[in-house]
Number of protein chains: 4
Amino acid sequence: MRPKITVEEFQRFIEDEIPLVPMLGIRTMEIGSGTAIIRMQFSENVLRPGGTVSGPALMALADVTVYAAVLGMVGRFEHSVTTNLSANFLRKPGPADVVAEGRILKLGKRLAFGECSLRTAEEEDLVAHVTATYSIPPR
Amino acid sequence: MRPKITVEEFQRFIEDEIPLVPMLGIRTMEIGSGTAIIRMQFSENVLRPGGTVSGPALMALADVTVYAAVLGMVGRFEHSVTTNLSANFLRKPGPADVVAEGRILKLGKRLAFGECSLRTAEEEDLVAHVTATYSIPPR
Amino acid sequence: MRPKITVEEFQRFIEDEIPLVPMLGIRTMEIGSGTAIIRMQFSENVLRPGGTVSGPALMALADVTVYAAVLGMVGRFEHSVTTNLSANFLRKPGPADVVAEGRILKLGKRLAFGECSLRTAEEEDLVAHVTATYSIPPR
Amino acid sequence: MRPKITVEEFQRFIEDEIPLVPMLGIRTMEIGSGTAIIRMQFSENVLRPGGTVSGPALMALADVTVYAAVLGMVGRFEHSVTTNLSANFLRKPGPADVVAEGRILKLGKRLAFGECSLRTAEEEDLVAHVTATYSIPPR
């Protein structure tokens, strides 16, 4: 199935509407129908003590990634909001770009549920795993 | 019990080490032994579509708040990292400062577990509720 | 506010409808409007390796407790279902009854969100902490 | 890699040590190194109001399944305990056996993290998704 939003539309949308997105160097790579790959550039802005990427930066990336996967299924829809996000941080990433892969596991009438795996661009090991639920209000 | 870190020490520490903190206008108000109150200023930087505060900004605030409550018990300790953070978003906050109250529910030898309630400065209703676990590596 | 379900009604309802409830020795102690206290008797049925109470038994107790707190606000309503439950196990309880205290933090039109603290009947320290979301379908 | 525990060993272990396992008709199907498939028989014992499988029964199944996947990597090890379990219930299963597939996403020195997908034996759609963390104390 063709995604209901393109990489370019989604990137423009989030850059215009979510100031954290350009600050964190978040760049959409791929969107499918219920899948998305999004990359976060390593920069000073994502740091935390210890020279590693901060949890909030990783959660921001995961949130945007699962959101992209949702919009890939339902189209641009600003009123979808996150209702639950649960993150497990599995190891400290080194100073590198982080790539997030998200996919929707269930699209219901009112809720979408997905997961997201985060890795650095260089390594196979998971840095973090996130699950997230989005409400889909009636149009 | 006296907290093991002061408001000023913690604020300086996070401002120096976590670039997201000044970007998001995060300001420490109180730290006790296992408790903390931290405020996030409403600004363009915390926005998301719909004119409300973004989930990642709220999670960043909650993460810092529970971290402050942990350091209030164990002292400045950079190597403590979040291992799990679970956020429930309960209603969209209006355009207002957000105040987070965190408290530690369990301090073990290797893990600290706490919760955090987020409200706007003007209203009593919860905006979000977060639980978080921090690892405490052996010194 | 008076609770919309009594201890006796709720206990009869869960005993009739949820076979795990009598198996696990779950007994409702108090229900308020958005609060509940429920006790689980120590018995062979709740065991796990190490002579301690199993995680699933604790999660069953917490689920029923937050459910009781929800029904205390909305009345007997069988079609409310758990949509998310997140449990943190903080220490191994000894061989003792476990008491769960639940309270609703947000009652919306479609979702109720609550938390639950679990302790043994003898000790103050938390054994586990649970957050849970229930859907409330339109009647 | 060969799993460090066999289906028979694991099944005997959990039946002997966790009374809920035989009550809920939980039967180990496959264990690999970091993976497991476990089935829960539909019976009166797993019911909840509405004729569907109860959340606690599903969480018990998921907990055992991720535990099996952990022991598939580290061998029989009774002192491993669940520290966090987060369940998302995606749709009400009909009256049918439930099959859980678990896999470990990260095995560290002190913690193992895994996920579990639950489906009925007849349908492809997810019934629930669970993530869980287990502590692995030093031997």
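Across the interface of chain A and chain D in this predicted model, two residue pairs are in polar contact, both at pLDDT 80 or more. Salt bridges between chain A and chain D number zero.

Four strands of chain A, namely E5, E6, E7 and E8, each supply at least two residues of the side of chain A that touches chain D. Their residue ranges are as follows.

| Strand of chain A | Residues |
|---|---|
| E5 | 81–89 |
| E6 | 98–107 |
| E7 | 111–120 |
| E8 | 128–135 |

E8(A) gives the largest share of that side, three residues. Sorted by class, the side of chain A that touches chain D holds four nonpolar, five polar and three charged residues.

The contact draws twelve residues from chain A and twelve residues from chain D. About 1,100 Å² is buried between the two chains, and carbon and sulfur atoms give 58% of this area. Of the area that chain A buries against chain D, 38% is supplied by A:Leu90, A:Lys106 and A:Phe113, more than by any other three residues.

A separate element is found in chain B. Helix H3 of chain B covers residues 55–74, 20 residues in total. From its first C-alpha to its last, H3(B) reaches 28 Å, close to the 28 Å expected at 1.5 Å a residue. H3(B) is mostly covered, with 19 of its 20 residues buried. After the helix comes B:Gly75, which has a positive phi near 85°.

How values were computed
Residues numbered from 1 in each chain as written. Chains lettered and ligands numbered in written order. Predicted model: local features only at pLDDT ≥ 70, side-chain atom pairs only at ≥ 80, totals over all residues. Heavy atoms only, no water. Contact = heavy atoms within 4.5 Å. Buried area = accessible area lost by both parts, 1.4 Å probe. Salt bridge = Lys/Arg side-chain N within 4 Å of Asp/Glu carboxyl O. Polar contact = N/O pair within 3.5 Å; in protein donor to acceptor, adjacent residues only side chain to side chain. Nonpolar A, V, L, I, M, F, W, Y, C, P; charged D, E, K, R; others polar. Expected span 1.5 Å × (residues − 1). Buried < 20%, exposed > 50% of the residue type's maximum accessible area, 1.4 Å probe, protein only.
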